[in-house]
Amino acid sequence: MQIAVSGGKGGTGKSTVAINLAIVLRERYDLVLADLDVEAPNDHLLLGVELANEEPVELFMPRFDYQKCTRCRKCAEVCEEHAIITMRDGTPFLMPNLCSGCAACEIVCPVPGAILPGKKLMGHTYLTETPYGFPLVTGRLLEGEERAMPIVSRAKKRAQGLEKELLMVDTAAGTSNTVSKALEDSRLIIAVTEPTPLGIHDGELILRLAKLMDIPAMVVVNRSDLGDVAKVREIAEKYGAEVIAEIPYSENVIRSYVDGKPIVLTEYPEAGLFREIASRVVEFLGGGE
């Protein structure tokens with residue numbers, strides 16, 4: 001089974017919730033944590049581990065054999081991304097940054113061997129053991145690349161391939177198609193937000209997405225003493241979600257970062273808040289039965 005930690009706005013503490021929740025849930029479930037914020041993955045930093053077991057993620061990229069090409073233009077006509085342009089005589093050229101790697105051009109080409117399968121490196125996935133009793137799967141997009149979906153899909157597939165009892169997914173911020181892909185198959189979404197105007201606005205977006213995907217959601221309000229929590233509760237109720245935790249701004253969290261120790265493993269009072277979140281998740285999932 002799968003649960004996801006998500007949130008519309010970046011910087012709300014989503015990764016902090018994800019790693020601390022994973023540490024507590026590991027006491028009950030055999031789990032894997034997947035960091036699918038592939039443009040800025042940071043779970044490994046919070047867990048104090050170096051990424052390991054790197055695997056490349058490559059995208060299909062057509063290459064043209066102009067000696068065999070008949071200049072029929074079919075490859076350009078089928079390309080929905082308009083990544084293939086043709087000269088007046090029909091000679092095709094590829095604009096790599098637009099290519100999605102769908103291989104439709106190769107499929108429709110009437111001349112065998114006129115389009116050859118090339119590859120483009122898009123990023124990597126990693127499988128890293130942590131000192132907390134669960135593995136971390138991370139996806140990382142190469143700098144300058146724009147298509148995150150292949151990395152999200154491959155990292156999620158690698159995590160699923162471990163066949164753990166529980167897959168915990170830490171998504172990117174926002175409600176893009178990569179976030180939707182990460183959320184897919186989840187039994188529960190834990191939406192992390194903050195009671196600021198932007199946090200409330202973007203928090204509503206993730207709750208709306210959860211509603212569209214028919215996935216139950218619970219809300220965690222971080223830095224709850226810095227804004228209008230009542231407004232967050234109002235929006236949560238609107239989408240059938242429940243606010244299960246309010247985490248006030250705390251220097252103890254910062255101290256735990258400096259010490260390199262997840263706060264749930266400290267004696268700080270905030271540790272109890274994260275354990276309460278985990279208890280609510282276990283209760284929702286049926287006590288692990």
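**Strands, rings and a surface patch**

Strands β6 and β7 form a hairpin with five residues between them, and G133 in the turn has a positive phi of about 90 degrees. Helices (H or I, at least four residues) and strands (E, at least two) are DSSP runs that are numbered from the N terminus. The model is predicted, with local features needing pLDDT of at least 70 and side-chain atom pairs counting only at pLDDT 80 or more, while totals for chains, interfaces and linings use all residues. Residues are numbered from 1 along each chain as its sequence is written, and side-chain values use heavy atoms, with hydrogens and water left out.

Two strands count as paired if DSSP finds at least two bridges between them. Strand β6 (residues 115-129) also runs antiparallel to strand β3 (residues 55-64), to which 10 bridges join it, and here E55 stands opposite T125 in β6.

The aromatic side chains come next. The structure holds two aromatic pairs, where rings of Phe, Tyr and Trp (its six-membered ring) pair if their centres lie within 6.5 Å, and planes under 30 degrees apart count as stacked, over 60 as edge-to-face and the rest as tilted. One of them joins F64 and Y66, which are tilted at 35 degrees between the planes and lie 6.0 Å apart, centre to centre. F64 counts as buried because its relative accessibility is 16%, whereas Y66, with a relative accessible area of 33%, is partly exposed; buried means under 20% relative accessible area, exposed over 50%, and partly exposed in between (1.4 Å probe, protein chains only).

Y66 also forms a tilted pair with F93, at 6.0 Å centre to centre and 45 degrees between the planes. This pair links distant parts of the chain, since Y66 is in the loop between β3 and α3 (74-78) and F93 is in strand β5, 27 residues apart. F93 is partly exposed because its relative accessible area is 37%, and its strand, β5, covers residues 92-94. F64, Y66 and F93 form one aromatic cluster.

Y66 and F93 are also among the residues of a nonpolar surface patch, together with I85, M87, M95 and L98, and the patch has about 500 Å² of accessible area in total. Patches are made of residues with over 30% relative accessible area and no salt bridge, like charges being joined within 9 Å and nonpolar side chains (Val, Leu, Ile, Met, Phe, Trp, Tyr) within 5 Å. A salt bridge is a side-chain nitrogen of Lys or Arg within 4 Å of a carboxyl oxygen of Asp or Glu, and accessible areas come from the Shrake-Rupley method with a 1.4 Å probe, where for residues only the protein chains shown count as cover.
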